[in-house]
Amino acid sequence: MNKDHNIYMQHAIALADQGMQQGAGGPFGAVIVKDGKIIAEANNQVTSTNDPTAHAEISAIRMACQVLDSFQLDGCILYTSCEPCPMCLGAIYWSRFEKVFYGASQQDAAAIGFDDQFIYDEIEKPIKDRKIPFEQTQREGAVTIFKKWDAKSDRIDY
(Lines give C-alpha, C1' and ligand atoms only; values in the text may rest on other atoms or scores of the structure.)
Protein backbone atom coordinates (compact mmCIF):
# COMPACT_ATOMS: atom_id res chain seq x y z
CA MET A 1 0.00 0.00 0.00
CA ASN A 2 1.42 3.36 -0.93
CA LYS A 3 1.83 6.37 1.35
CA ASP A 4 -1.41 8.05 0.20
CA HIS A 5 -3.44 4.96 1.06
CA ASN A 6 -2.00 5.06 4.56
CA ILE A 7 -2.89 8.73 4.92
CA TYR A 8 -6.50 8.17 3.84
CA MET A 9 -6.89 5.16 6.13
CA GLN A 10 -5.42 7.09 9.05
CA HIS A 11 -7.96 9.83 8.32
CA ALA A 12 -10.84 7.31 8.35
CA ILE A 13 -9.60 5.96 11.68
CA ALA A 14 -9.31 9.50 13.08
CA LEU A 15 -12.91 10.20 11.99
CA ALA A 16 -14.01 7.03 13.81
CA ASP A 17 -12.29 8.22 16.98
CA GLN A 18 -13.62 11.75 16.66
CA GLY A 19 -17.22 10.63 16.16
CA MET A 20 -16.99 8.19 19.04
CA GLN A 21 -15.47 10.83 21.36
CA GLN A 22 -18.22 13.30 20.41
CA GLY A 23 -20.94 10.75 21.11
CA ALA A 24 -22.14 10.70 17.50
CA GLY A 25 -22.22 6.92 17.26
CA GLY A 26 -20.05 3.84 17.10
CA PRO A 27 -16.31 3.86 16.37
CA PHE A 28 -16.46 3.91 12.58
CA GLY A 29 -15.16 6.34 9.97
CA ALA A 30 -15.06 6.46 6.18
CA VAL A 31 -13.30 8.50 3.52
CA ILE A 32 -14.02 8.52 -0.22
CA VAL A 33 -11.28 9.52 -2.63
CA LYS A 34 -11.46 10.26 -6.36
CA ASP A 35 -8.50 11.24 -8.47
CA GLY A 36 -6.32 11.55 -5.38
CA LYS A 37 -8.66 13.96 -3.56
CA ILE A 38 -11.00 13.38 -0.63
CA ILE A 39 -14.50 14.12 -1.88
CA ALA A 40 -16.46 12.87 1.14
CA GLU A 41 -15.89 11.76 4.70
CA ALA A 42 -18.09 10.75 7.59
CA ASN A 43 -18.23 9.05 10.94
CA ASN A 44 -20.95 6.81 12.31
CA GLN A 45 -23.96 8.88 13.43
CA VAL A 46 -26.49 6.17 14.24
CA THR A 47 -27.22 7.16 17.84
CA SER A 48 -26.95 10.93 17.44
CA THR A 49 -29.37 11.02 14.49
CA ASN A 50 -31.60 8.10 15.52
CA ASP A 51 -30.96 6.66 12.08
CA PRO A 52 -29.92 2.99 11.90
CA THR A 53 -28.63 3.59 8.36
CA ALA A 54 -26.29 6.44 9.36
CA HIS A 55 -23.20 4.25 9.19
CA ALA A 56 -20.00 6.06 8.22
CA GLU A 57 -19.88 4.39 4.80
CA ILE A 58 -23.53 5.17 3.97
CA SER A 59 -23.19 8.81 5.06
CA ALA A 60 -19.97 9.22 3.05
CA ILE A 61 -21.57 7.59 -0.01
CA ARG A 62 -24.52 9.99 0.16
CA MET A 63 -22.15 12.95 0.42
CA ALA A 64 -19.92 11.76 -2.44
CA CYS A 65 -22.91 11.25 -4.71
CA GLN A 66 -24.02 14.83 -4.04
CA VAL A 67 -20.52 16.17 -4.67
CA LEU A 68 -20.23 14.26 -7.96
CA ASP A 69 -23.90 14.75 -8.89
CA SER A 70 -24.09 11.04 -9.66
CA PHE A 71 -25.67 7.92 -8.23
CA GLN A 72 -22.56 5.89 -9.01
CA LEU A 73 -19.05 6.29 -7.68
CA ASP A 74 -17.00 4.80 -10.50
CA GLY A 75 -13.31 5.52 -10.07
CA CYS A 76 -13.71 6.18 -6.35
CA ILE A 77 -11.88 4.43 -3.55
CA LEU A 78 -13.42 3.89 -0.12
CA TYR A 79 -11.31 3.84 3.01
CA THR A 80 -13.22 2.59 6.01
CA SER A 81 -12.02 1.99 9.53
CA CYS A 82 -13.76 -1.39 9.66
CA GLU A 83 -14.79 -4.12 7.26
CA PRO A 84 -18.25 -3.08 6.04
CA CYS A 85 -21.44 -4.56 7.47
CA PRO A 86 -23.96 -6.22 5.11
CA MET A 87 -25.92 -2.99 4.58
CA CYS A 88 -22.81 -1.01 3.74
CA LEU A 89 -21.47 -3.83 1.59
CA GLY A 90 -24.64 -3.69 -0.50
CA ALA A 91 -24.35 0.10 -0.85
CA ILE A 92 -20.70 -0.26 -1.86
CA TYR A 93 -21.59 -2.63 -4.67
CA TRP A 94 -24.53 -0.49 -5.82
CA SER A 95 -22.21 2.53 -5.84
CA ARG A 96 -19.67 0.78 -8.11
CA PHE A 97 -16.51 1.64 -6.16
CA GLU A 98 -13.18 0.89 -7.79
CA LYS A 99 -11.68 -0.48 -4.56
CA VAL A 100 -12.21 -0.63 -0.80
CA PHE A 101 -9.56 -0.50 1.91
CA TYR A 102 -10.63 -1.41 5.44
CA GLY A 103 -8.96 -1.43 8.85
CA ALA A 104 -10.54 -3.62 11.53
CA SER A 105 -12.17 -6.93 10.58
CA GLN A 106 -15.69 -8.26 11.17
CA GLN A 107 -14.25 -10.32 13.99
CA ASP A 108 -12.66 -7.24 15.59
CA ALA A 109 -16.03 -5.47 15.48
CA ALA A 110 -17.85 -8.50 16.89
CA ALA A 111 -15.41 -8.58 19.81
CA ILE A 112 -16.69 -5.15 20.95
CA GLY A 113 -20.38 -5.85 20.37
CA PHE A 114 -20.85 -5.01 16.68
CA ASP A 115 -21.59 -8.52 15.44
CA ASP A 116 -23.29 -8.70 12.04
CA GLN A 117 -23.13 -12.48 11.73
CA PHE A 118 -26.84 -12.78 12.51
CA ILE A 119 -27.61 -10.77 9.35
CA TYR A 120 -25.41 -12.99 7.20
CA ASP A 121 -27.16 -15.98 8.78
CA GLU A 122 -30.60 -14.53 8.04
CA ILE A 123 -29.72 -13.92 4.37
CA GLU A 124 -28.87 -17.61 4.01
CA LYS A 125 -32.24 -18.74 5.40
CA PRO A 126 -35.41 -19.25 3.35
CA ILE A 127 -37.71 -16.26 3.84
CA LYS A 128 -40.18 -18.34 5.85
CA ASP A 129 -37.47 -19.19 8.42
CA ARG A 130 -36.23 -15.65 9.12
CA LYS A 131 -36.60 -14.08 12.57
CA ILE A 132 -38.56 -11.12 11.25
CA PRO A 133 -41.63 -12.42 9.40
CA PHE A 134 -41.77 -11.57 5.70
CA GLU A 135 -45.07 -11.98 3.87
CA GLN A 136 -45.66 -11.31 0.22
CA THR A 137 -48.82 -9.40 -0.62
CA GLN A 138 -50.20 -7.47 -3.62
CA ARG A 139 -47.62 -8.95 -5.98
CA GLU A 140 -49.75 -8.27 -9.05
CA GLY A 141 -49.90 -4.54 -8.38
CA ALA A 142 -46.20 -4.34 -7.67
CA VAL A 143 -45.29 -6.32 -10.79
CA THR A 144 -47.51 -4.00 -12.87
CA ILE A 145 -45.20 -1.11 -11.93
CA PHE A 146 -42.18 -3.25 -12.85
CA LYS A 147 -43.70 -3.82 -16.28
CA LYS A 148 -44.19 -0.07 -16.69
CA TRP A 149 -40.54 0.47 -15.78
CA ASP A 150 -39.45 -2.21 -18.24
CA ALA A 151 -41.38 -0.48 -21.03
CA LYS A 152 -40.23 3.04 -20.12
CA SER A 153 -38.09 4.40 -22.97
CA ASP A 154 -36.50 7.26 -21.01
CA ARG A 155 -35.52 5.32 -17.91
CA ILE A 156 -32.04 5.60 -16.43
CA ASP A 157 -30.75 2.11 -15.82
CA TYR A 158 -28.54 1.38 -12.87
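## Charge and surface

Lys and Arg count as positive here, Asp and Glu as negative, while His and the chain ends are not counted. Each charge is placed at NZ of Lys, CZ of Arg, CG of Asp or CD of Glu. By that count, the chain has 15 positive and 22 negative side chains. The centres of the two sets lie 7 Å apart.

This is a predicted model: local features need pLDDT of at least 70, side-chain atom pairs count only at pLDDT 80 or more, and totals for chains, interfaces and linings use all residues. Residues are numbered from 1 along each chain as its sequence is written, and side-chain values use heavy atoms, without hydrogens and water.

## Overall layout

The chain holds seven helices and four strands. (Helices are DSSP runs of H or I with at least four residues, strands are runs of E with at least two, and both are numbered from the N terminus.) Their order along the sequence is α-β-β-α-α-β-α-β-α-α-α. The C-alpha trace spans about 55 × 40 × 30 Å along its principal axes.

Of the 158 residues, 32% are buried, meaning under 20% relative accessible area with a 1.4 Å probe, protein chains only.

Helix 3 covers residues 56-68 and includes Ser59. Ser59 is buried, at 14% relative accessible area. Leaving aside neighbours within four places in sequence, Ser59 is in contact (heavy atoms within 4.5 Å) with Ala42 and Ala54.

Glu57 is also in helix 3. Glu57 is buried yet has no salt bridge, which would take a side-chain nitrogen of Lys or Arg within 4 Å of a carboxyl oxygen of Asp or Glu. The nearest side chain of opposite charge, Arg62, is 11 Å away. Beyond neighbours within four places in sequence, the contacts of Glu57 include Ala30, Leu78 and Cys88.

Conventions:
Buried means under 20% relative accessible area, exposed over 50%, partly exposed in between (1.4 Å probe, protein chains only).
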